[in-house]
Amino acid sequence: MNIHPNTLFLSLLFVSLMIIATTQSSTTQQRDQARENGAPESRYRVLVKKGERKLYLYVWEDGKERLAKTYQIALGNNPTGSKRRQGDGATPEGDYYITHKNPRSNFYLSLGVSYPNIVDADKGLKEGLITKAEHQAIVDAIRAKTKPPQNTRLGGDIFIHGGGTGKLFGSIRDWTLGCVALENDEIKELFETVPVKTPVKIVP
């Protein structure tokens, strides 16, 4: 029996696509299962939308990510634009993670944010704000998922903390020095929920 070359090619192509699809599905399932059963920080994700003055907490459950809670927030006293240097009063923008928890914060409770990240360090080096040694120290800390240097000209000590949102007649007042502030009862809830190394993304 003769098989047309085109028919054979299409059959082989179909089998290959089925194998790829099965492999991708298995990989996705393994990744989702690892998120739920692996390191605790892989179960949660924090998203801060500065323009909305909102913090969104996401959690992985049953192979799906769902929005667990939304919090009203206040920002730095210079809320527009990303933090660039020490003392500018701006809240950073970018991808970070929780570095540590401080149960004795001046603002009730606080979660350390891994500012500056590598992107911040690259910009700082290009603008002459930090040295090559400081840049490398930041890069090494971020790659190790530890706390980056906080004492460079890029600034530091960025937290998600309590102290309230400065509500007056229902409106939010941005009052921090670059941090993200929640009401005390809400930072307590977040503090007790998310582990160290939880991803934090801050967007305009």
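I began at one strand pair: Ile98 stands opposite Val113 in E5. The model is predicted; local features need pLDDT of at least 70, side-chain atom pairs count only at pLDDT 80 or more, and totals for chains, interfaces and linings use all residues. Residues are numbered from 1 along each chain as its sequence is written, and side-chain values use heavy atoms, with hydrogens and water left out.

**Sheet**

I checked how E4 and E5 pair. They run antiparallel, over four bridges. Two strands pair if DSSP finds at least two bridges between them. I then traced the whole sheet: eight strands, open, in the order E3-E2-E1-E8-E4-E5-E6-E7, with mixed pairing. Strand E3 (64-72) and E7 stand at the edges with a single partner strand each, so one side of each has no neighbour in the sheet.

For the chain overall, I noted four helices and eight strands. Here helices (H or I, at least four residues) and strands (E, at least two) are DSSP runs, numbered from the N terminus. Along the sequence, the pattern reads α-β-β-β-β-β-α-α-β-β-α-β.

**Ser114**

Next I looked up Ser114, in the loop between E5 and H2. Is Ser114 buried or exposed? Ser114 counts as buried, at 1% relative accessibility. Buried means under 20% relative accessible area, exposed over 50%, and partly exposed in between (1.4 Å probe, protein chains only).

The Ser114 side chain reaches the backbone nitrogen of Tyr97 at 2.9 Å. I use polar contact for a pair of N or O atoms within 3.5 Å; within protein, one must be able to donate a hydrogen and the other to accept it, and residues adjacent in sequence count only if both atoms are side-chain atoms. Leaving aside residues up to four places away in sequence, Ser114 touches Tyr96, Tyr97, Thr99, Ile142 and Pro148. Contact means heavy atoms within 4.5 Å.

**Aromatic pairs**

I searched for ring pairs. Rings of Phe, Tyr and Trp (its six-membered ring) pair if their centres lie within 6.5 Å; planes under 30 degrees apart are stacked, over 60 edge-to-face, and the rest tilted. I got two aromatic pairs by this rule. Tyr96 and Tyr115 have ring centres 6.4 Å apart and planes at 50°, so this pair is tilted. Tyr96 lies in strand E4 (residues 94-105) and Tyr115 in the loop between strand E5 (108-113) and helix H2 (118-126), so the pair ties together parts 19 residues apart in sequence. Both Tyr96 and Tyr115 are buried.

Phe107 and Trp175 have ring centres 5.4 Å apart and planes at 55°, so this pair is tilted. Phe107 is in the loop between E4 and E5, and Trp175 in the loop between strand E6 (159-161) and strand E7 (180-181), so the pair ties together parts 68 residues apart in sequence. Phe107 is partly exposed, at a relative accessible area of 35%.

**Helix H2**

Which residues of H2 are buried? I found Asp120, Ala121 and Gly124. Down the axis of H2, its buried residues fall within an arc of 95°, so they line one face of the helix. The arc is taken from the directions from the helix axis to the C-beta atoms. E4 and helix H3 (132-143) are among what covers them.

At the start of H2, a side-chain oxygen of Asn117 comes to within 3.1 Å of the backbone nitrogen of Val119. Just after H2, Gly128 has a positive phi of about 80°.
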